Each structure stands twice: as C-alpha cells, then as structure tokens.
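Please keep the two in view while going through them.

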Amino acid sequence: MPPLLEVDRLSKHFPVRGGLLPRVREWVRAVDDVSFSIASRETLGLVGESGCGKTTVGRTLLRLVPATGGAVRFQGRDLLAMQGSELRRARRQMQLIFQDPFGSLNPRMTVGQIVGEPLWFHGLANRSELNDRVTALLKQVGLRPESAQRYPHEFSGGQRQRIGIARALALEPKFIVCDEPTSALDVSIRAQIVNLLQDLQATHGLSYLMISHDLGVVRHVSNAVAVMYLGRIVEQAPTEALYESPTHPYTQLLLGAIPVPNPARRRVPRGTAGKIEVADDSIPSPINQPAGCAFHPRCPLYARLGKPESCRTALPELTPLPQDPAHRVRCHFPTEAGQSLVELVS
C-alpha cells in the first residue's frame, strides 16, 4: 500500500538581503534535501533543537510557504504542482495545529465562528447546519456546546488548544501537521492533549507529522522518528529502534539531555569519564554552515577519532544501517558512533 504522504528532497531557502539596494547577499538553508514518508493512520515524529527547520518543513509541505525544490506527493498527487480549485480541494485533506493556541485564534471571533469558518469557506455547511456541525466538533474535543458563544480569551491554554484541534478537524482531513501542540501547556494538560490526539487518530484514521521538542511525547505517539540538524535529517528510524539504539552522535546527545528523575544519576556517552569532549560547543550559523558534516564542530565522536578529514570535507549521505535497513543515519562512522551509546551513571 503506497504511503499517504511522500516528501522527496524537499528544500526551502530564505534570502538574506542587505546593502543600499535590496540584493540577495546570502541564503538561509532552512530545509535542505529532506525526504520521508508517512503511511495512513501513522505518526512520524520530527525532532531537533530550535532553528533546525522542523516548523519550516511542516509549513512548506502544506504550501503555506513556497518550496525552493523537491516534491511532495499526497495520495500519489504532486501537491507542489497543484493550482486553483485542485489545490483548494487537496488542502481540505491537510490541516495544521499551531504551536501557540492563543496566537492562532482570532480574538474578535467567537469559538463557533472560528470552528465553523472552514466549513463555511469550503461550502460544506449552510447556516442551518453550521451550528450542529460546530457543536459536534466541540464535543469531540471535550468542550461544551455553549463554548461556541464565548471568545478565546475566556479559555485556558489547554481549552484553546482543543479549539484549534476542533478547527483542524472541521474539514475531516486525512493528514494533520502538529506543530509543537503541547509545548505551551502544563504537564497535566499536555497529557490530556496527547491522549486526545491519539483518540482522534484511532477514530478518524488520521496521519500526523508530530513536530516537537518533547522527546517523551514523540516516543509515546510516533511510529517512526526523524532527527533534524541545520535543515537536514541526520537519523531516521522506527521509534523503538531510535530510542534504544541511537546511532548519530547528535541523536545521542539529544537523548542524553532528557532529565533523569534522580539527582544522583546522569546520562553520559558510554566509555567516557563523564565529560563530553567536543571541538567547539557553539551552534553554527544556519547561513554559513560548516563544510562537510555540519555537526562535526560539536561532535564528540569527531574529537574522539582524532578529527578525521572526511568529517570536515565530505557531506555524509543518509544511508541505511546494514543490520537494520529501516534505520538510516547521516554519519561517516556509524559503527563507531553506535558503540558510544548514552548510558546512566551515578
């Protein structure tokens, strides 16, 4: 069965202008040669530190910002080539849940108007049907029908995120980009929203692209995980394979940063004395990225192997591991990297 969504070598570069005339001086390679696929009823987690390009991937594949290159196929059709009414019909099947639940809601509109606007815009409900459809959507996300008459500022953060989810469900989509849907919420409310998203996925057969900093949430909801660094995917694998056997040094450091609920224990790379040796701890500029492997200035393996020239000069390809073809890593030394897994020490 073909995947619901296929992203093939997607790129998005932003111009940096300067000088007296508005000329392009440099380019920010926010997304560079990104490829992945998502099957029906499955979730792909997209993780990485701030500025790595996760949100730009989601917005570009939805065509909220124009792509620089690559292809996006949704249900076998080229989404980037669609125009006019064809694109409008396709967009009904693809929706977005925003990171900031308050900033994404119009404060001058009632909840009923916000949730009902997609139905009205696409001509899927007349005035007599609109109230019933809005009420049903609010009930699906755990809100009372009378909420339709209130304004966004009258709700808590978790309730506002439920409103955003109801709006995303209005057109009965097949695919939803969840852009940090729990980052602005308290821990207890975060769990409620995650459970709601999973229940809706089971009920409506939804597919998700889950963009998040919360590695615990990603592990809980995702079938597979892709790790991004400076616009590129550096590791991609089924969820348990990635969390149990992280191979790229950047993935290992991300997982090593997860807090341990024991002040007497901490995570360090196996085989070290506890201090991570890196060549340069500063984050590279997304405009002037390092040559070769972009992660090599911060890579503990690069320092440990004596700073190999290949890391500085050649960009590694995203290649499958011999023991697991579904596990792909962008590293010149995947065998050595896999031997330095993060472990707990006292």
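1. On one side of helix α6, V187, S188, A202 and T203 are exposed, where exposed means over 50% relative accessible area, buried means under 20%, and partly exposed lies in between, with a 1.4 Å probe and protein chains only. This is a predicted model, in which local features need pLDDT of at least 70 and side-chain atom pairs count only at pLDDT 80 or more, while totals for chains, interfaces and linings use all residues. Residues are numbered from 1 along each chain as its sequence is written, and side-chain values use heavy atoms, with hydrogens and water left out.

2. Helix α6 covers residues 187-204, and its 18 residues reach 26 Å from the first C-alpha to the last, close to the 26 Å expected at 1.5 Å a residue; that expected span is 1.5 Å times one less than the number of residues. Helices here are DSSP runs of H or I with at least four residues and strands are runs of E with at least two, numbered from the N terminus. After α6 comes G205, whose phi is positive, near 65°.

3. Which residues of α6 are buried? They are I193, V194, L196, L197, L200 and Q201. Seen down the axis of α6, its buried residues fall within an arc of 160°, so they line one face of the helix; the arc is that of the directions from the helix axis to the C-beta atoms. The buried residues of α6 pack against β3 (43-47), β6 (94-97), α4 (127-140), α5 (157-169), β8 (207-211) and α7 (215-221), with contact taken as heavy atoms within 4.5 Å.

4. T182 is found in the loop between β7 and α6, and T182 is buried, with a relative accessible area of 4%. Leaving aside neighbours within four places in sequence, T182 is in contact with R190, I193, V194 and V217.

5. An open sheet of eight strands runs in the order β6-β7-β8-β3-β9-β10-β13-β12, with mixed pairing; two strands pair if DSSP finds at least two bridges between them. The edge strands are β6 and β12 (318-321), each of which pairs on one side only. Neighbouring strands of this sheet are turned by 20° against each other on average, direction ignored.

6. Helix α5 lies across β6 and β7, running at about 175° to β6; axes are lines fitted to C-alpha atoms, for helices over the stretch in contact, and angles run from 0 to 180 degrees between N-to-C directions.

7. Strand β3 is mostly covered, five of its five residues being buried. T43, G45 and V47 point one way from β3, whereas L44 and L46 point the other way. Four bridges join β3 to β8 in the parallel sense, with L44 opposite L209, and β3 also pairs in the parallel sense over four bridges with β9 (residues 224-229), where G45 stands opposite V225.

8. The largest nonpolar core has 36 residues, and those with the most contacts inside it are V115, I163, I165, L169 and I176; such a core is a set of buried Ala, Val, Leu, Ile, Met, Phe, Trp, Tyr and Cys residues joined through side-chain atoms within 4.5 Å. The elements that give two or more residues to this core are α3 (111-121), α4, α5, β7, α6, β8 and α7. Apart from this core lies another, of 30 residues, among them L5, V7, L79 and V177.

9. An open sheet of four strands has the order β2-β1-β4-β5, with antiparallel pairing. In this sheet β2 (23-38) and β5 (77-78) stand at the edges with a single partner strand each, so one side of each is left without a neighbour in the sheet. Two bridges join β4 (residues 69-74) to β5, and the bridge partner of R73 in β5 is D78.

10. L321 lies in strand β12 and is buried, with a relative accessible area of 8%. Not counting residues up to four places away in sequence, L321 touches T247, H327, V329 and P334.
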